[in-house]
Amino acid sequence: MPPRRDASRARRWLQAGFVGVLALLALLPLLAQLAGFNGWRAGENRAQAPMPAVPRDAAGLRAWPRVADAAVNDRFGLRTQLVSLHDQALFRLFGAFAVPQVLAGPGGRLFVSSDGAKSLIRYACGRGLPVETVPDLAGQVEALFRGLQQRVPRADLLLAPSAPVLYPAELPAWLRRDCAAGTPIARQVMDRLPAEWRERSFFPVAPLVAPGLPGPAIPRRFMHWDGVGAGRAVAAWAEERRHLQRRLEVPAAWQWRPSDLSGFFPGLRLGSMALEPAAEVPGVEPCLGWPCFPGFADIASVLVDVRRFRAAQPGAGRLLVLSDSFGAAAAPWLARYYGEVWQFTLNHAEQLSPGQRSRLAQALLEGYRPDQVLVLMMDASMTLTLPRLLGLLE
């Protein structure tokens with residue numbers, strides 16, 4: 001057979017094979033869809049797009065294609081498996097993620113970037129801020145201190161440094177230059193406070209990058225700190241700022257944990273070793289969740305992330321921790337200094353009615369009567385957490 005005819009036949013077989021592969025790729029999801037293999041993966045950390053309603057007017061008709069497209073994208077056959085495959089291929093081949101909210105540095109450290117255009121990273125590093133940002137935040141911190149001063153003996157603010165501030169050298173190169181040239185937003189806000197409140201504000205960057213730590217303050221593939229960061233920051237505040245005596249030790253162990261950013265890349269199993277306090281600490285009675293607060297359990301159940309620690313010894317009295325999600329890891333380490341610790345994460349405070357917020361403030365500030373309030377939040381979450389706290393004091 002002439003070589004030209006062989007080549008022509010080979011091309012036809014290749015073309016047929018290519019079409020067959022494409023048909024198979026299209027048919028497999030269709031068959032899986034018909035068989036019902038199109039389950040939703042809750043790990044995507046968002047609500048599934050709803051099925052579109054029948055349009056009843058011109059506006060509904062115009063919106064219908066967009067709603068229908070989103071619904072189909074969330075329901076096609078083998079979706080979970082294909083999303084997982086896509087996530088794995090993108091990360092393994094290019095070190096990138098399918099969503100713009102997470103960036104990976106050249107050494108593998110993960111950073112939350114908000115919109116993929118570096119906004120949250122630059123914000124934490126104090127770069128490109130609108131002129132009103134720092135004065136507005138400083139005013140809110142002052143208002144918070146004044147409001148707490150009227151109701152509790154003492155209030156302090158602990159701003160947890162985020163990963164871009166602690167590890168700028170591990171950022172992608174195009175962000176590293178930005179952070180190296182900026183002053184962290186937390187530092188800018190604190191520098192703008194009156195001396196009275198500046199002395200009660202703490203931004204522990206140096207303690208969390210000091211040599212000799214048993215590990216990074218924030219695990220490489222996490223957004224939140226673990227026992228290394230939380231324990232060291234708490235010790236620096238309690239012992240160096242408040243001059244409190246450590247009454248007991250908190251046993252801890254290293255564990256491999258999935259990344260707290262896993263909701264952004266459900267197809268990948270990424271994690272880090274993290275230092276975690278033991279569930280049982282000698283001399284301390286722990287309690288987690290709304291049943292710990294029977295007097296206002298309905299409110300505590302809305303907030304979800306709440307906890308209490310009671311020590312056998314009185315220590316420095318009663319501590320109330322009002323925080324964003326960084327407060328949860330810090331609370332067990334604070335039991336080293338106080339006889340009782342209540343910690344409330346306020347990320348869901350917007351779901352409380354005005355009446356519930358008033359009841360919560362009364363229960364925490366007047367019923368519990370803390371000797372010390374510690375407000376704890378990540379530097380980059382000030383714009384979210386400060387209004388929640390001020391709403392509690394209204």
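Predicted model: local features only at pLDDT ≥ 70, side-chain atom pairs only at ≥ 80, totals over all residues.
A disulfide, for this tour, is a pair of cysteine sulfur atoms within 2.5 Å. Residues are numbered from 1 along each chain as its sequence is written, and side-chain values use heavy atoms, with hydrogens and water left out.

**Stop 1: the disulfides**

Select C125 and C179. Their sulfur atoms sit 1.7 Å apart and form a disulfide. The link is right-handed, with 80 degrees about the S-S bond. C125 belongs to helix α4 (residues 119-125) and C179 to helix α7 (residues 173-181), so this pair ties together parts that are 54 residues apart in sequence. Helices here are DSSP runs of H or I with at least four residues, strands are runs of E with at least two, and both are numbered from the N terminus. C125 and C179 are both buried. Buried means under 20% relative accessible area, exposed means over 50%, and partly exposed is in between (1.4 Å probe, protein chains only).

Now jump to C287 and C292, joined by a disulfide with an S to S distance of 2.0 Å. The torsion about the S-S bond of C287 and C292 is about -100 degrees, so this disulfide is left-handed. C287 counts as partly exposed at 22% relative accessibility, whereas C292 counts as buried at 4%. If you number the bonded cysteines of the protein chain in sequence order, the pairing reads 1-2, 3-4.

**Stop 2: aromatic rings**

Next, show the Phe, Tyr and Trp side chains. Their rings (the six-membered one for Trp) pair if the centres lie within 6.5 Å; planes under 30 degrees apart count as stacked, over 60 as edge-to-face and the rest as tilted. The structure holds 9 aromatic pairs. Pick out F145 and W197: the ring centres are 4.9 Å apart and the planes are at 5 degrees, so the pair is stacked. It links distant parts of the chain, with F145 in helix α5 (residues 133-149) and W197 in helix α9 (residues 195-198), 52 residues apart. Both F145 and W197 are buried.

Then select F293, F296, W342, F344 and Y368, which ring pairs link into a cluster.

For a charge over a ring, go to R109 and Y167. R109 lies over the face of Y167, 3.8 Å from the ring centre. The rule asks for NZ of Lys or CZ of Arg within 6 Å of the ring centre and within 35 degrees of the ring normal.

**Stop 3: a covered helix**

Which residues of helix α13 are buried? Select residues 327-334, and you have the helix, with 7 of its 8 residues buried. The buried ones are G327, A328, A330, A331, P332, W333 and L334.

**Stop 4: a loop and a strand**

P100 is in the loop between α3 (79-94) and β1 (102-104). At 42% relative accessibility, P100 counts as partly exposed.

Finish at W256, in strand β5 (residues 252-258). W256 is partly exposed, with a relative accessible area of 32%.
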